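This briefing is meant to be read with the sequence and the coordinates open side by side.

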Amino acid sequence: MTLCESAGCRRDREDKSRTDPRPAADGLRVCWVCRDRLGEYLASLPGLAADCEQAMIRATGLHDKVSGTSEPGLPLNLAAGDARAQLLAVLAEWAGMVADERGIRPPGAWGLCEMPHGFIGPANRVYRYRSDAVATAGYLRRHLDWLCAHPAAGDLCAEVGDLVHIADKAAYPDPPRRRLLGPCVVVGCGGLITANVYLDRPERSAVVCDVEPEAHRWGRDRWHELKPARTAVAA
Ligand SMILES: [Zn+2]
Ligand SMILES: [Zn+2]
């Protein structure tokens, strides 16, 4: 039995004591979980790159000090800028590999760079390949199964996973504000529920039970269901 080659596969989310990678999918070097996760990551990358760009700008205006991630005194979220640049570079590198090895066109298009001052010579010397995150990530997704069968599949999964986490942290450097609300509202649970509020990403905010974090979880649209618990705490 061939095992999944993605380094990330060794960390089982459901059972932390399990360290074995899952079996690789038929014809692939990685398992279905890692393959699907890679597809999801690639789908989220253009948005994440845009979020990093936003975070750089946000740092110049709304926050007088960028928390932790950039050098003191510089009103720019440099970590977000670096993460974005790294994202785009790595995407382009993998897309280049697909194009080379499959003998197909890379994503994007060739375009003429601005002529350097005083440049004399054939124009093709100043042609440069231009592509954006949307085109490149879409291209990689179209070749997802080919990539997952490639000897470098494990590296790709691990690299993209790491990049997503770094970029996510850089784009949203503020940790959530936590507040203990009281006993879980599910009858017979006995756990405690805590509100995790993300100021920079409200859609992620949730109230979570410490005993059943997956099942007893309320997104912002369901917080009205928790009123009894709040009253209980106040009383
Ligand atoms: Zn796997
Ligand atoms: Zn509970």
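Two strands are said to pair if DSSP finds at least two bridges between them, and the helices (H or I, at least four residues) and strands (E, at least two) are themselves DSSP runs, numbered from the N terminus. This is a predicted model, in which local features need pLDDT of at least 70 and side-chain atom pairs count only at pLDDT 80 or more, whereas totals for chains, interfaces and linings use all residues. Residues are numbered from 1 along each chain as its sequence is written, while chains are lettered from A and ligands numbered from 1 in the order in which they are written.

**Overall layout**

- The protein chain contains six helices and six strands, and along the sequence these follow the pattern α-α-β-β-α-α-α-β-β-β-β-α.
- Of the 235 residues in the protein chain, 23% are buried, a residue being buried if 20 or more other C-beta atoms lie within 10 Å of its own, exposed if 12 or fewer, and partly exposed in between, with C-beta atoms placed from the backbone.
- Two residues are in contact if their C-beta atoms, placed from the backbone, lie within 7 Å; among contacts in the protein chain between residues at least 6 apart in sequence, 54% join residues at least 24 apart.

**The four-stranded sheet**

- Four strands form an open sheet in the order E3-E4-E5-E6, and their pairing is antiparallel.
- The edges are taken by E3 and strand E6 (217–219), each of which has a single partner strand, so one side of each is left without a neighbour in the sheet.
- Ignoring direction, neighbouring strands of this sheet are turned by 20° against each other on average.
- Strand E3 (residues 177–183) and strand E4 (residues 192–197) run antiparallel and are joined by six bridges; within this pairing Arg178 has Asn196 of E4 as its bridge partner, and Leu180 has Thr194 of E4.
- E4 is in turn paired with strand E5 (residues 206–209) in the antiparallel sense over four bridges, with Cys209 of E5 as the bridge partner of Ile193.
- E5 and E6 also run antiparallel, joined by three bridges, and here Val208 has Arg217 of E6 as its bridge partner.
- The number of buried residues among the seven of E3 is zero, so E3 lies largely in the open.

**Packing around helix H2**

- For the angles below, axes are lines fitted to C-alpha atoms, for helices over the stretch in contact, and angles run from 0 to 180 degrees between N-to-C directions; under 35 degrees counts as roughly parallel, over 145 as roughly antiparallel, 65 to 115 as roughly perpendicular and the rest as oblique.
- The axes of helix H2 (residues 78–102) and helix H3 (residues 133–142) come within 9 Å and cross at roughly 45°, and H2 and H3 are therefore oblique to each other.
- On the H2 side this contact is made by Leu88, Leu91, Ala92, Trp94, Ala95 and Val98, and on the H3 side by Ala133, Thr136, Ala137, Tyr139 and Leu140.
- The residues of the contact of H2 with H3 comprise ten nonpolar, one polar and no charged, where Ala, Val, Leu, Ile, Met, Phe, Trp, Tyr, Cys and Pro count as nonpolar, Asp, Glu, Lys and Arg as charged, and the others, Gly among them, as polar.
- H2 also packs with helix H5 (residues 153–171) at an angle of about 155°, their axes being 8 Å apart, which makes H2 roughly antiparallel to H5.
- Residues making the contact of H2 with H5 include Ala83, Leu87, Val90 and Trp94 of H2, together with Leu163, Ile166 and Ala167 of H5; by class this contact has twelve nonpolar, one polar and two charged residues.

**Two residues to look at**

- Gly81 lies in helix H2 and counts as partly exposed, with 17 C-beta neighbours inside 10 Å.
- Leaving aside its neighbours within four places in sequence, Gly81 is in contact with Met56 and Leu76, and its C-alpha atom is separated by 9.0 Å from that of Ala167, 86 residues apart along the chain.
- Ala109 is placed in strand E1 (residues 109–112) and is exposed, with 10 other C-beta atoms within 10 Å.
- The C-alpha atoms of Ala109 and Ala135 are separated by 10.0 Å, the two residues being 26 residues apart along the chain.
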